[in-house]
Amino acid sequence: WFLSVYPENNSLYSKLSEFHNINPNNLILTSGIDGGIKTIFEILTSPGELIGVLSPTYAMYQVYSNLYQTNLEEITYEKNNKLSIEKVFNFLKRKPTVLFLPNPNQPIEDSINLENLENIAIEAKKQNCLLFVDEAYHYFGADSAINLINKHENIVVARTFSKAFGVPSIRLGYLISSESNMLILSKLRFAHESNALSNAVAEYLIDNFHIVQKYINSVIETRDKLKIKLRGYGIDSFGETGNYLLLDLKNSKNALDFASYMKTKKIYVKGPWKGEYSKYLTITLGPLNLMERFINEVDVFQNLK
């Protein structure tokens, strides 16, 4: 019957608020995290304003920056693929409007712990900067900034059903922040923020989170075992808190050959990445039984060299 009426979101808001132990007024539904990023740009930025983001990272930050004509500055990693918190602080002193901080980031992970998240939020607040914490991959091991939203009003946390929940096709995400921020962000709220089918799937997975948790545990198990297997093939891999691994293929040619070979087997990897990261590829992880074909093809590829 719910297909014959306009969607009603109160039930999903109620379940999400209980799930996160927050007030429903701290939430707003979005079309994935993409929709949340777009909302921030549309409401809070003006052409020419300084915006910060980690680099390399999710491509849509640059896309929306171009669309809204902001001055996007990339905060790069150190040579050891570690993020310098001091570099983040130095950027904040230039008074950006928004700092987008994926935690964990992809493809370079280096997750930010809760203490540093709070320190960054404090420094950002001094500079009148909004801290947007993109927690798309949170459930695989990273700290969350959700418990900081009422302590530091300049924090917005973004979540999605695409990764740990495993349903990117429903295009559903949400923002979590203080009530005062939500009064501003809700000004662009659609008449119907989601649809009944997406809500039904999301509510089912919240009510049966043990299914999601089982999947998360299987991915974490795969991550740990696959790193050992790859090391046996002479491939270093990096990843501690996401559902992906960054593979070091030693040089850009080998990385390109690896990606090309996998494509012929209909196994698609991300990369090689550009510039100094051209020797790296990223793979998305699933349960170990789903990764066996990839492992077998790694063995074939290494033997062809």
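This is a predicted model: local features need pLDDT of at least 70, side-chain atom pairs count only at pLDDT 80 or more; totals for chains, interfaces and linings use all residues.

Me: Which side chain does Lys15 meet in a salt bridge?

Reply: The general idea is that side chains of opposite charge can pair when their charged atoms come close. Here the partner of Lys15 is Asp207, with 3.1 Å from N to O.

Me: How many salt bridges are found in the whole structure, and is Asp248, which takes part in one of them, buried or exposed?

Reply: The search of the whole structure gives 14 salt bridges. Among them is the one between Lys279 and Asp248, at 3.4 Å from N to O; Lys279 sits in the loop between α9 and β10 (280-284) and Asp248 in strand β9, so that parts 31 residues apart in sequence are tied together. Asp248 is buried, with a relative accessible area of 8%, whereas Lys279 is partly exposed at 26%.

Me: Which residues of helix α1 are buried, and where do they lie around its axis?

Reply: The buried residues of α1 (residues 10-20) are Leu12, Tyr13, Leu16, Ser17 and His20. Viewed down the helix axis, these buried residues fall within an arc of 130°, and they therefore line one face of the helix. Asn10 and Glu18, on the other side of α1, are exposed.

Me: How should I read the two faces of a strand, taking β1 as the case?

Reply: In a regular strand the side chains alternate between the two faces of the sheet. Strand β1 (residues 27-30) is covered on both faces, with Leu27 and Leu29 buried on one side and Ile28 and Thr30 buried on the other. β1 pairs with strand β7 (residues 173-177) in the antiparallel sense over four bridges, and in this pairing Leu29 stands opposite Tyr174.

Me: In which sense do β2 and β3 pair, and what does the chain pass through between them?

Reply: Strands β2 (residues 50-55) and β3 (residues 71-76) pair in the parallel sense, over six bridges, with Val53 opposite Glu74. Between β2 and β3 the chain passes through helix α3 (residues 60-68), in a β-α-β crossover that is right-handed.

Terms used:
Residues are numbered from 1 along each chain as its sequence is written. Side-chain values use heavy atoms; hydrogens and water are left out. Two strands pair if DSSP finds at least two bridges between them. A crossover is right-handed if, with the strands pointing away from the viewer, the path from the first strand over the helix to the second runs clockwise. Buried means under 20% relative accessible area, exposed over 50%, partly exposed in between (1.4 Å probe, protein chains only). The arc is that of the directions from the helix axis to the C-beta atoms. A salt bridge is a side-chain nitrogen of Lys or Arg within 4 Å of a carboxyl oxygen of Asp or Glu.
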